[in-house]
Amino acid sequence: MPDSKSLLAKLIGFHSVVGQPNSEIIDFVRNYVESYGLTPHVIAGPDPERSNLFVSIGPLSTGGIILSAHLDVVPADEPDWKADPFSMRQEGDALIGRGACDMKGFAAVVLASIPKLAVARLKRPVHIAFSYDEEAGCLGVPHLIAAIPGLCEHAPIACIVGEPTGLHPVLRHKGKCAARIRAVGVTGHSSRPDLGKNAIHLLTGALNQVLSLKDKLQSDGPFDDRFSPNYSTIQVGRIGGGRAVNVIPDHAEADIEIRTIPGVSAKETIETLIQKIQIEAGLLGEIISSYPPLSLDAESPLAKLATEISGKTIVEAVSFGTEGGLFESAGIPTVICGPGDVRRAHKSEEFIRLTEMNECDRMIERLACTLC
């Protein structure tokens, strides 16, 4: 039987960068799953070149537990990788490669558990859900969630999202919404600005409104001390426009994102801001991606189960986001609990420790025991 380390090496070898076709890694997972007599379901999104995968193990006559992971990774264009980021290497206990920690490590552990799960006497099924383009704002998983009622006779009773938390069960995270603001001007020679319309200048009014909202959220709240920072945040993450310094720019755009504490809708806040910008500045605005916050009660059966099988204490909240809020919004209680440390993600020499993966192996074994 393949172990999680060898499977991680296989997964890292696929260039499953966010926004790119992912058929190669999905085909690998599908063939692997089928080799154990299981029937995977490949669920494409609007772009048929990017797909999710869902497979069930055990009886479908009752509600089961979803193990959720995304197979996409951020680009590996940092200059200080010591070797090919898409070829796993080991240094001591560290398994290094793009996506090792975020979050192919968890996916590898889940795949390595399939041979044992397939022969276990499960009384409840284990569902494996692998999604695409999580790194672009959880774009793939809504299509997977929409398909679940047709794939499961009974609705799943819980979901474990294996993002890197050191295997500590995390109960809450912020919601997120990203939007793009566009300004359209009239080009011309910069010596005659009176004959054109500078799109970058137009855009500055919108940026000032973003900064004003940032200050208001920080000073006025609402606040939730379980998060760091304890308020909702907004920032401009990308800006572009123009062609040359002596040409009046006829286009400019900025990408903004807001991350909100539970009880504050990120999408509604952005929509209100866009409406104000469109009215006052005459600009165009559109939402790029959005997912809701996650909030699980510490006394819930899932929180208690996650504590028992992980052997770790609960973490009340994190500020990064996951697909967990989308599962919860679909009526499936969700907790975040996976191997590794998120501080190693999205940087060169990303790694997960072999001991961390072995711990996660044991966590899934304990989960299987509870379902038997």
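Let me begin with a definition: helices (H or I, at least four residues) and strands (E, at least two) are DSSP runs, numbered from the N terminus. What we are looking at is a predicted model, in which local features need pLDDT of at least 70 and side-chain atom pairs count only at pLDDT 80 or more, whereas totals for chains, interfaces and linings use all residues. Residues are numbered from 1 along each chain as its sequence is written, and side-chain values use heavy atoms, with hydrogens and water left out.

I would like to start with the sheet. Four strands make up an open sheet, in the order S10-S11-S9-S12, and their pairing is antiparallel; two strands count as paired if DSSP finds at least two bridges between them. At the edges are strand S10 (233–241) and strand S12 (284–291), each of which pairs on one side only. On average, and with direction ignored, neighbouring strands of this sheet are turned by 15° against each other, where axes are lines fitted to C-alpha atoms, for helices over the stretch in contact, and angles run from 0 to 180 degrees between N-to-C directions.

Let us now follow strand S9, residues 175–184. Its antiparallel pairing with strand S11 (residues 251–260) extends over ten bridges, and within it Ala183 has Ala252 of S11 as its bridge partner. Towards S12, which also runs antiparallel to S9, there are seven bridges; here Arg180 is partnered by Glu286, and Ala178 by Ser289.

Next, the nonpolar cores, by which I mean sets of buried Ala, Val, Leu, Ile, Met, Phe, Trp, Tyr and Cys residues joined through side-chain atoms within 4.5 Å. The largest of them has 57 residues, and those with the most contacts inside it are Val29 and Phe130. Helix H3 (residues 100–119) supplies the largest share of this core, eleven residues. Apart from it lies another core, of 22 residues, including Ile181, Ala199, Ala254 and Ile277.

Two packed helices are described by the angle between their axes and the distance between the axes. For helix H2 (residues 23–34) and H3, the axes come within 10 Å and cross at roughly 20°. That makes H2 roughly parallel to H3, given that angles under 35 degrees count as roughly parallel, over 145 as roughly antiparallel, 65 to 115 as roughly perpendicular and the rest as oblique. The contact, meaning heavy atoms within 4.5 Å, is made by Ile25, Val29, Tyr32 and Val33 on the H2 side and by Lys104, Leu111, Ala112, Ile114 and Pro115 on the H3 side.

Let me turn to the loops. In the one I mentioned at the outset, between helix H5 (199–220) and S10, we also find Pro222. A cis peptide bond joins Gly221 to Pro222, with omega about 10°, and a cis peptide bond joins Ser228 to Pro229, with omega about -5°.

Between strand S6 (126–131) and helix H4 (141–151) sits Asp133, whose phi is near 55°, a positive value in a residue other than glycine. Asp133 is buried, with a relative accessible area of 3%.

Arg344 is buried at 14% relative accessible area, and, leaving aside its neighbours within four places in sequence, Arg344 is in contact with Cys101, Glu350, Phe351, Ile352, Arg353 and Glu356. Glu349 is buried at 17%, with a positive phi near 60° in a residue other than glycine.

Finally, which residues does His154 contact, its neighbours within four places in sequence left aside? They are Leu60, Ser61, Thr62 and Gly63. His154, in the loop between H4 and strand S7 (158–161), counts as partly exposed at 35% relative accessibility. From Leu60 it is 94 residues away in sequence and 7.0 Å away in space, C-alpha to C-alpha.

Conventions. Buried < 20%, exposed > 50% of the residue type's maximum accessible area, 1.4 Å probe, protein only.
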